[in-house]
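Good morning, and thank you for making time for this presentation.

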Amino acid sequence: MSKGTVRVNEGIGAREVRLIDDEGKQLGVVSVQEAIRIARDRGYDLVEVAPNVTPPVCRIMDYGKYKYQMSKKHAARKTIDVKEVKIRPQITDHDLQLKVKNIRRFLDDGDKAKVTMFFRGREIVRPELGMKLFDRIQELLTGKFQVEQPPKLEGKSITMVIAPSSK
């Protein structure tokens with residue numbers, strides 16, 4: 001098909017067309033007037049699906065439904081991004097509330113959130129304090145979400161990935 005232009009019913013310029021009915025069966029080569037009459041008798045439209053062959057191929061179908069399916073097929077699909085939120089072991093309660101609010105916003109937008117906690121200097125001696133903070137983040141997060149990757153200590157950081165729950 002040429003870009004975006006689909007010929008329907010009287011808009012088909014050929015004298016004869018290869019006709020395919022609404023169930024997908026070939027009815028052979030018929031005149032355009034005959035094909036339009038058959039389509040109207042069945043309550044459908046005659047749509048040219050392959051205009052570049054001789055004779056052009058036309059199909060009996062519901063044109064409105066066909067246009068809707070084509071628009072859905074070409075609709076832009078949202079890509080899921082991974083947004084990162086960085087925290088520290090000594091974070092204050094208010095700052096933690098703000099980070100959780102941002103995580104919730106990311107999840108509501110359909111994105112994943114990666115929470116990363118960095119340890120500096122001797123903070124790494126007490127990684128269990130960091131794990132407690134991750135538990136607190138999970139408590140504060142209300143709504144539908146799933147922990148895709150539980151908190152895991154990797155070197156001098158702990159990371160956790162949270163995804164919006166599949167509907």
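Two strands are counted as paired if DSSP finds at least two bridges between them. Strands themselves (E, at least two residues) and helices (H or I, at least four residues) are DSSP runs, numbered from the N terminus. This is a predicted model, in which local features need pLDDT of at least 70 and side-chain atom pairs count only at pLDDT 80 or more, while totals for chains, interfaces and linings use all residues. Residues are numbered from 1 along each chain as its sequence is written, and side-chain values use heavy atoms, with hydrogens and water left out.

I shall start with the sheet. Its 4 strands are arranged in the order β2-β1-β4-β3, as an open sheet with mixed pairing. β2 (26–31) and β3 (45–50) stand at the edges with a single partner strand each, so one side of each has no neighbour in the sheet. From one strand to the next, the twist averages 35°.

Strand β1 (residues 16–20) pairs with β4 in the parallel sense, over 3 bridges, and R18 stands opposite V57 in β4. By contrast, β3 and β4 run antiparallel and are joined by 5 bridges; here D45 stands opposite M61 in β4. β3 and β4 form a hairpin, with 6 residues between them. P55 lies in the loop between these two strands, and the peptide bond from T54 to P55 is cis, with omega near -10°.

Helix α1 (residues 32–41) packs on the sheet and touches β1, β2, β3 and β4, where contact means heavy atoms within 4.5 Å. The direction of α1 makes about 130° with that of β2; axes are lines fitted to C-alpha atoms, for helices over the stretch in contact, and angles run from 0 to 180 degrees between N-to-C directions.

Is N9 buried or exposed? N9 is buried, with a relative accessible area of 8%; buried means under 20%, exposed over 50%, and partly exposed in between, with a 1.4 Å probe and protein chains only.

Finally, the pocket lining. Residues of the largest pocket's lining include D21, Y44, R59 and K65. A pocket is an open set of points on a 1 Å grid over the protein atoms alone, where a 1.4 Å probe fits, with protein on both sides within 12 Å along at least five of seven lines; lining residues have an atom within 4 Å of a point. β4 (57–61) and α2 (63–73) are the elements that give two or more residues to this lining.
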